[in-house]
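Visitor: I am new to this structure and would like to know how its descriptions are reached. Could you show it to me, please?

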Amino acid sequence: MTLNMADKPRFFQTTAIDYPNSRPHIGTAFEKLGADVQARYRRMEGYDVFFLMGNDENTVKVAKKAEELGQDTKTYCDEMARQFKEVWNALNISLDEFVQTSEPRHHRCAQQFIQKVYDSGYIYKGKYEGWYCEGCEGYKTETEIKEAGGVCPLHKVPPVRRSEPCYFFAQSKFQDRLLKYYEENPDFIQPESRRNEMLSYVQGGLQDVNITRSGQAWGIKVPFDESFTIWVWFDALLTYFTGIGYATDDEKFRQWWPANIHFIGKDITRFHCALWPAMLMAADLEPPRLVFSHGWVNNKGGKISKSLGNVVEPMDVITRFSAEAFRYYFLRECPYPGDGDFSWERFAEVYNSDLANNLGNLYSRCVTLITKNYDGFLPSTAGTEPGVIYTETDTETTVQQVQKHIEACQYNQALDRIWRQILDPANQYADKKAPWTLVKTDKEAAKSVLYDLVESLRCAAILLKPFLPHSAETLYKSFNFPQPWETTRHEDVWVHPRQAEDLCVLAALEGGKVKPLFPRIS
């Protein structure tokens, strides 16, 4: 059964938009991978998903980078957007919309929104003086600078003293409303550690925010005073509106807002959990349902930094190995709510152990044995109940556990369940029964063993679809399974009935060998 689109529950999710002053690195990609798993999972659950990403272009650092290269800023931004989308396509990120903040539709969105907040009385003119970090494109408090030893806590450079006329957003007026919202919506900020940080931050007192800049040619003009441009953060957060039609398509906007999840890095939690909901309240709009603040990816224990020369680009990994290998490593090895680590040595170790020797080897064994000994066809297996492989957890329980972990963005734990409760036992079962030996003396018994192993691969393929979409489809389509990929009802996808026809292998051998899913790294 296929649900009518009008009957499907909506699910709107976003990632943080990226500064295009350099190409994305593995930490940037880590965020997108986690969001992609959620989007793919929700589609399998029957949701109508809208997945939005984009680039944050109205920044001083982007204009400076274009100037360094002798390029027009807009031309530079468009080329970087092409390069970013090239990486996301290579990683098979299933986004539905990509927004550039230099687009006319975003300018219209930002100007309409700031005008509405101004008309509501929450923006006023004044003068601001403080310590400004150009890397953050924002002011730092005396306390933040002092605790960091006289530098910006994030960029480790001394901020500069800056004084300028400006327009303020009256964020302080929303302190009590924010705390009440946190209380009434305890899951709004995840994980719990980030929620506690935000509670402490807001309880400590909110200040009004300087939301304009003067003397900048690049950016979005303030509609009620065109001598100013809109501060990049007040503009950037509105990207989430631009992609769903704010100021251009009111019906579409009402259809999708509020967002179900904003995926962001932990360094921008304050903007998304204090400033952003306050802005929305000022415009009489609902805050997002949930902000998930993920951790960082380090390189051999050190923070990824261009100045340190330890930046690894996603394409470095993809071109040497594959997008599927990239996806698996970061989703399995790096806990999404916390920090993870990358090294080429650990990458090879995880790849060989989990992908080449475990999943890939099980698949190759099954295809090879069935093709060579049964001409690719196992008769009288239609609707057959598989034998007992699992010693601790049944398939239905494993499915429920995987679902729970994915919904909590605990992707490494979901993958651990699939390996520990399906693939590891299947490989142990194969070693114990040794169908490659058994087939020489009892083909019927070996057939039963192979059927059991292929059933394990079927279950694993369905559960792996959000994580390893290409590999999951290869696994599934290599056998004569009923295809679940286009079905939409929860029970059809996750607890799919066994094949109504006898099992057969559709994957061909090349030179007597099956093409490996994951060739071993030597």
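Visitor: Which residue in S11 is the bridge partner of Ser214?

Guide: The bridge partner of Ser214 in S11 is Phe228. Before we go on, please note that this is a predicted model, in which local features need pLDDT of at least 70 and side-chain atom pairs count only at pLDDT 80 or more, while totals for chains, interfaces and linings use all residues. Residues are numbered from 1 along each chain as its sequence is written, and side-chain values use heavy atoms, with hydrogens and water left out.

Visitor: What makes S9 and S11 a pair of strands?

Guide: Strands are DSSP runs (E, at least two residues) and helices are runs of H or I with at least four, both numbered from the N terminus; two strands pair if DSSP finds at least two bridges between them. S9 and S11 are joined by 3 bridges and run antiparallel, so they meet the condition of at least two.

Visitor: Why are S9 and S10 called edge strands?

Guide: The open sheet has 3 strands in the order S9-S11-S10, with antiparallel pairing. Strand S9 (212-214) and strand S10 (221-222) each pair on one side only, and they are the edge strands.

Visitor: How do you know that S4 pairs with S6?

Guide: Strand S4 (residues 123-133) and strand S6 (residues 160-169) run antiparallel and are joined by 10 bridges, and the partner of Tyr124 in S6 is Phe168. S4 also pairs with strand S5 (residues 138-140) in the antiparallel sense, over 3 bridges, where Cys133 stands opposite Gly138.

Visitor: Is Trp231 buried or exposed?

Guide: Buried means under 20% relative accessible area, exposed over 50%, and partly exposed in between (1.4 Å probe, protein chains only). Trp231 has 6% relative accessibility and therefore counts as buried, whereas Phe271, at 23%, counts as partly exposed.
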